[in-house]
Amino acid sequence: MTTLGIRTVLHPVTDLAAAKAVYAALLGVPASAESAYYVGFEVGDTHVGLVPGGGPQGMTTPVTYWAVPDLEAKLAELTAAGAVVGEPIRDVGAGRRVATVIDPDGNVLGVLQDN
């Protein structure tokens, strides 16, 4: 099954205000979502998010989320190919479900499905 492209990239940050300024300059757009625990930007079809301290997931590196039409089927395909589930499927609101897998080199790959 093919993916539908990159939809979200999350970056763990230590200083949310400082990171917000840098990413706004890089992306050339103002933040579209702001709170004490998250700042997000919309750039074309991609959402770029800044997560202080790596959030509850404990991210230590950026995580790219690939959109798929069937999350369960894609997870089965990825684990059959040798990936290990890192974060099981969870609902993050607005009809979006996400999960992560870890590839054989330890890279975290995100997959998401919008309903």
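By class, eleven nonpolar, five polar and four charged residues make up the lining of the largest pocket in this structure, which is a predicted model. That pocket has a volume of about 470 Å³, and among the 20 residues that line it, those closest to its centre are Thr 8, Leu 10, Tyr 38, Val 92 and Arg 96. Two or more lining residues come from each of strand 1 (5–13), strand 3 (38–43), strand 4 (46–52), strand 6 (84–93), strand 7 (96–102) and strand 8 (108–114).

The second largest pocket holds about 230 Å³ of space, and of the 14 residues that line it, Met 59, Thr 60, Thr 61, Val 63 and Val 108 lie closest to its centre. Here the elements that contribute two or more residues to the lining are strand 5 (63–67), strand 6 and strand 7, and the lining divides by class into five nonpolar residues, eight polar residues and one charged residue.

Five of its seven residues are buried, so strand 7 is largely enclosed by the rest of the structure. On one side of the pairing, six bridges join strand 7 to strand 6, and the two strands run antiparallel; within this pairing, Arg 90 has Val 98 of strand 7 as its bridge partner. The two strands form a hairpin with two residues between them, and Ala 94, which belongs to the turn, has a positive phi of about 55°.

Strand 7 is also joined to strand 8, by seven bridges and again in an antiparallel arrangement, with Thr 100 standing opposite Gly 110 of strand 8. This pair, too, forms a hairpin, with five residues between the strands, and in its turn Gly 106 has a positive phi of about 90°.

Leaving aside neighbours within four places in sequence, Arg 97 is in contact with Leu 71 and Glu 72, with Ile 89, Arg 90 and Asp 91, and with Val 111, Leu 112, Gln 113 and Asn 115.

Note on methods:
Residues are numbered from 1 along each chain as its sequence is written. This is a predicted model: local features need pLDDT of at least 70, side-chain atom pairs count only at pLDDT 80 or more; totals for chains, interfaces and linings use all residues. Side-chain values use heavy atoms; hydrogens and water are left out. On a 1 Å grid over the protein atoms alone, a cavity is a set of points where a 1.4 Å probe fits but cannot get out, and a pocket is an open set with protein on both sides within 12 Å along at least five of seven lines; lining residues have an atom within 4 Å of a point. Grid points are joined across faces, edges and corners, and a volume is the space filled by probe spheres set on the points. Helices (H or I, at least four residues) and strands (E, at least two) are DSSP runs, numbered from the N terminus. Ala, Val, Leu, Ile, Met, Phe, Trp, Tyr, Cys and Pro count as nonpolar, Asp, Glu, Lys and Arg as charged, and the others, Gly among them, as polar. Buried means under 20% relative accessible area, exposed over 50%, partly exposed in between (1.4 Å probe, protein chains only). Two strands pair if DSSP finds at least two bridges between them. Contact means heavy atoms within 4.5 Å.
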